[in-house]
Amino acid sequence: MIAYQQGDMESLDQLYLLLKGPIYSFVYRYSRDEQLSIDIVQDTFIKLQRSKHLYKREKGKISSYLYQIAYRLMIDKLNRRKKWRSFLPFLTPSDKEEVDLADRMSVREAVAALSEVHRPIVLLFYYHDLTHEEIASVLDIPKGTVKSRLHYAIKKLKEELGGEENVSRSL
């Protein structure tokens, strides 16, 4: 990133190749929307190009910085979608699926069912191996809030999946 900030355009290509997959994966696991995920990855790197001077190495890793950008862009787009759906519901397809309550939820479905404040913490912690500090930076919340939300989310997943052993093995 430092090389890119100093004008080396190849460094941006390397950053893109290294981080596009994990960022796409995070957004997709959160939103379950392939096109949105592709758009967010692209928008994240466009925003990085426009504001490369804002990244400070001493504040954290470039991956955390990019996750933070992607998360904020995704939330903005999802909120805009909700607003448009409320105004013009006939213009957007329904995303609601009927879930047979007799069937046991898979881990993926259980994570997707978590609230909007708990889901990104689980995804970043378990699927992207970010530390509590990095997650706090990405989501712009205190480290203690990350810990408490992660604790609550794991408790909720244990309830949904039927026990502690199922959750720890599956994540």
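Q: Why are helix 6 and helix 8 called roughly perpendicular to each other?
A: Two packed helices are described by the angle between their axes and by the distance between those axes. In this predicted model, helix 6 and helix 8 pack at an angle of about 90 degrees, with their axes 9 Å apart. Angles under 35 degrees count as roughly parallel, over 145 as roughly antiparallel, 65 to 115 as roughly perpendicular, and the rest as oblique. The axes are lines fitted to C-alpha atoms, for helices over the stretch in contact, and the angles run from 0 to 180 degrees between N-to-C directions. Helix 6 and helix 8 are therefore roughly perpendicular.

Q: Which residues make the contact between helix 6 and helix 8, and how many of them are nonpolar?
A: Helix 6 brings Ile121, Val122, Phe125 and Tyr126, while helix 8 brings Val146, Arg149, Leu150, Ala153, Ile154 and Leu157, where contact means heavy atoms within 4.5 Å. By class, there are nine nonpolar residues, no polar ones and one charged one. In this scheme Ala, Val, Leu, Ile, Met, Phe, Trp, Tyr, Cys and Pro count as nonpolar, Asp, Glu, Lys and Arg as charged, and the others, Gly among them, as polar.

Q: What makes a stretch of the chain a helix, and how many helices are there?
A: Helices (H or I, at least four residues) and strands (E, at least two) are DSSP runs, numbered from the N terminus. By this rule the protein chain has nine helices and zero strands.

Q: What do the numbering and the values rest on?
A: Residues are numbered from 1 along each chain as its sequence is written, and side-chain values use heavy atoms, with hydrogens and water left out. As the model is predicted, local features need pLDDT of at least 70 and side-chain atom pairs count only at pLDDT 80 or more, whereas totals for chains, interfaces and linings use all residues.

Q: Why does histidine 118 count as buried?
A: Buried means under 20% relative accessible area, exposed means over 50%, and partly exposed lies in between (1.4 Å probe, protein chains only). Histidine 118 has 11% relative accessibility and therefore counts as buried, although its place is in the loop between helix 5 and helix 6. Leaving aside neighbours within four places in sequence, histidine 118 is in contact with Arg149, Tyr152 and Ala153.

Q: How do you know whether serine 11 is buried or exposed?
A: Serine 11, in helix 2, has a relative accessibility of 8%, so serine 11 counts as buried. Not counting residues up to four places away in sequence, serine 11 touches Ala3 and Tyr4.

Q: What makes tyrosine 16 partly exposed?
A: Tyrosine 16 also belongs to helix 2, and its relative accessibility of 33% falls in the middle class, so tyrosine 16 counts as partly exposed. Tyrosine 16 and phenylalanine 45 are 29 residues apart in sequence, yet 7.4 Å apart in space, C-alpha to C-alpha. Beyond residues up to four places away, tyrosine 16 touches Val41 and Phe45.

Q: Which backbone value do arginine 32 and aspartate 140 have, and why is arginine 32 called partly exposed but aspartate 140 exposed?
A: Arginine 32 has a positive phi of about 60 degrees although it is not a glycine, and aspartate 140, likewise not a glycine, has a positive phi near 60 degrees. Arginine 32 lies in the loop between helix 2 and helix 3, and aspartate 140 in the loop between helix 7 and helix 8. Arginine 32 has 44% relative accessibility and so counts as partly exposed, whereas aspartate 140 has a relative accessible area of 54% and so is exposed.

Q: What makes a set of residues a nonpolar core, and which helix gives the most to the largest one?
A: A nonpolar core is a set of buried Ala, Val, Leu, Ile, Met, Phe, Trp, Tyr and Cys residues joined through side-chain atoms within 4.5 Å. The largest nonpolar core has 46 residues, and those with the most contacts inside it are Ile23, Phe45, Leu48, Ile62 and Met74. Helix 4 gives the most to this core, with eleven residues. Apart from neighbours within four places in sequence, methionine 74 is in contact with Phe26, Val27, Tyr30, Leu36 and Ile40.
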